[in-house]
Amino acid sequence: MTHNDKQPINGQDNPSFLDLFNQLPPQPPAPALDGQHGAGRLAWLRAAWKTSWKEGGFLHQRWEEVFQARHVSWYEIANWIKAVVLLGGLSLIVLMLDAADDITSAALKGLSAVPASGAGDGNGLWGTVDHPIRVFLADQAAHLPVAPAALYAFWQLTGLLGLVGGFFGNAGARIAWLLFGIGSLAMIWSATPAGGRAAATGLAALMWALASIFALRGLTLRPIVHNHPPQYQFNPAVHLHATIPAPTPAGGDYGDEPDNVLPLQR
């Protein structure tokens, strides 16, 4: 049996790693180790390792706790397993955040290095919508430490991710798609000349609405009603309670019987 100097936490023992070395008597090593190679402290550690894996040993009990952790709830798992899982989860989150930061920095640097795109001639339906956005982003980039091409590429990337992610039902992608459309309409309204501002904005709104057929596929404004079957089953039944009179003992008194009832003739 292992020795535990600490009080139980949540009804569970709080094992100490020092229990691994408390399973054998102190130096000198056991007589069974005399004459073997590495007798002394190394042999004592080797014997402690072997003993800890026997039934009731420190490592044997920890292995049993790991094996039982697959079949119990989180509150019933040993405390040291919870600590290892939480520490591993935090380490994984830190690594993922660090990798995401590197990926984001590389993507933004790549967008900034994109050569400047042409302003476009503004011809055709798409040019009527795309040209004001290019002009607006170019004007705004003059006051920002970023190239106009990077802003335009980021705008295209946001629309593409919102369209694809919204098609597969991702809520965040659909929110990004809505913000992408509203921002595009605002840029078109701001950069289009006053004479054709309303027509260009209306045309962009129609294009955005048509694309929303795919981005917002399956979205409905009707409330969803879940009809779950009742958790209980009602079985109507009628129960009749009848009281059966006790039989009259033999030779009893018939004086209390009605006059129209004659005693039984023997």
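Which side chains meet in a salt bridge at 2.5 Å, N to O? The side chains are those of D130 and R134, where a salt bridge is a side-chain nitrogen of Lys or Arg within 4 Å of a carboxyl oxygen of Asp or Glu.

## About the model

This is a predicted model, in which local features need pLDDT of at least 70 and side-chain atom pairs count only at pLDDT 80 or more, while totals for chains, interfaces and linings use all residues. Residues are numbered from 1 along each chain as its sequence is written, and side-chain values use heavy atoms, with hydrogens and water left out.

## Salt bridges

The structure holds 2 salt bridges. D130 and R134 are 4 residues apart in helix 4 (residues 124-141), so about one helical turn separates them; helices are DSSP runs of H or I with at least four residues, numbered from the N terminus. D130 is buried, at a relative accessible area of 6%, buried meaning under 20%, exposed over 50% and partly exposed in between, with a 1.4 Å probe and protein chains only.

The closest N and O atoms of R62 and E65 are 3.1 Å apart in their salt bridge, and these residues lie 3 apart in helix 2 (residues 58-68), about one helical turn. R62 counts as buried at 11% relative accessibility, whereas E65, at 23%, counts as partly exposed.

## A nonpolar surface patch

L160, V164, F167, F168, L210, I213 and F214 form a nonpolar patch on the surface, together having about 740 Å² of accessible area, computed by the Shrake-Rupley method with a 1.4 Å probe, where for residues only the protein chains shown count as cover. Patch residues have over 30% relative accessible area and no salt bridge, with nonpolar side chains (Val, Leu, Ile, Met, Phe, Trp, Tyr) joined within 5 Å and like charges within 9 Å.

Helix 5 (148-167) and helix 7 (197-215) each supply at least two residues of this patch, and F214 lies in helix 7.
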